[in-house]
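Colleague: I am new to this structure and would like to learn how to read it. Please show it to me, and I will ask about one feature at a time.

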Amino acid sequence: MADEKKQGLFGIEVAFSEADDEAERELQLMEQDMNEADESALEDEPEFEEDLEDDSEDSLTYSNGVIEKIVAMATREVPHVLGMKGNLMHLVQETFGAENLTKGVTVEVTDDNRVIVNISVIIEYGCYAPAIFEDVKERVTERLTAMTGLEVAGINLRIEDVVTREEYEASKKRHAEDDE
């Protein structure tokens, strides 16, 4: 097989063999066949392209913070849930006077747009935790579905503390006085 020299990229002379030329021709033919197949598929289904255009122009999305806020507010509506238990970041925010309404809540949105909710709460001493869990699941699912249309894939409730209502109110009052 004789090698031939051709002008390559940046004017550099490069040696090509006949095998290289043949491989290049095969690639060009394959690319041409694929393009023709794509074109014929589009001709068979012209509506598909229009559907894509319609779907791509409008969208509705929610930030995780919005979903977390809805979950936290719904959870606080449940009787015997005294408060939410946040992480260190929430404690720092509260120290500087910022009330964080999403404290104690994290959410994960799955690939199929369903929501997994994680909630950490403080409940009232003497109350039946499984009943509180069922109430939280019902309330959160109801509120999220009604407000966003999102489906709840799962709810994980973590009881961080149990205190009497009086102890909780006294703790909140002390915390408020410390802030002043």
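Colleague: Which residues does Val 117 touch, not counting residues up to four places away in sequence?

Modeller: A contact means heavy atoms within 4.5 Å. With residues up to four places away in sequence left out, Val 117 touches Val 71, Thr 106, Val 107, Leu 144, Gly 154, Ile 155 and Asn 156. Before going on, note that this is a predicted model, in which local features need pLDDT of at least 70 and side-chain atom pairs count only at pLDDT 80 or more, while totals for chains, interfaces and linings use all residues. Residues are numbered from 1 along each chain as its sequence is written, and side-chain values use heavy atoms, with hydrogens and water left out.

Colleague: Which residues have the most contacts inside the largest nonpolar core?

Modeller: A nonpolar core is a set of buried Ala, Val, Leu, Ile, Met, Phe, Trp, Tyr and Cys residues joined through side-chain atoms within 4.5 Å. Buried means under 20% relative accessible area, exposed over 50%, and partly exposed in between, with a 1.4 Å probe and protein chains only. Here the largest such core has 23 residues, and Val 71, Val 117, Ile 119, Val 136, Val 140 and Leu 144 have the most contacts inside it. At least two residues of this core come from each of α3 (64-76), β3 (81-84), β4 (105-109), β5 (114-124), α5 (129-148) and β6 (151-163).

Colleague: How many helices and strands are there in the protein chain?

Modeller: Helices (H or I, at least four residues) and strands (E, at least two) are DSSP runs, numbered from the N terminus. The protein chain has six helices and six strands. Read from the N terminus, their order is β-β-α-α-α-β-α-β-β-α-β-α. Of contacts between residues at least 6 apart in sequence, 64% join residues at least 24 apart. Of the 180 residues, 23% count as buried.

Colleague: Where in the protein chain is confidence lowest, and where is it highest?

Modeller: Confidence is given as pLDDT, the predictor's value for each residue, from 0 to 100. Helix α4 (residues 88-95) has the lowest confidence, at a mean of 43, and α5 has the highest, at 97. Over residues 7-12 the pLDDT is below 50, and this stretch has three contacts in the model beyond near neighbours in sequence. Residues 41-53 also have pLDDT under 50, with zero contacts beyond four places in sequence. For the protein chain, the mean pLDDT is 76, and 59% of the residues reach 70 or more. Where pLDDT is low, the predicted coordinates should not be read in detail.

Colleague: Which residue forms a salt bridge with Arg 139?

Modeller: Side chains of opposite charge can pair when their charged atoms come close. A salt bridge is a side-chain nitrogen of Lys or Arg within 4 Å of a carboxyl oxygen of Asp or Glu. The structure holds seven of them. The partner of Arg 139 is Glu 77, with the closest N and O atoms 3.1 Å apart. This pair links distant parts of the chain, since Arg 139 is in helix α5 and Glu 77 in the loop between α3 and β3, 62 residues apart. Arg 139 is partly exposed at 25% relative accessibility, and Glu 77 is partly exposed at 36%.

Colleague: Is Asn 113 buried or exposed?

Modeller: Asn 113 counts as exposed, at 52% relative accessibility. Asn 113 lies in the loop between β4 and β5, and its phi is positive, about 60°, although Asn 113 is not a glycine. His 80 also has a positive phi, near 75°. His 80 is in the loop between α3 and β3 and is partly exposed, at 33% relative accessibility.
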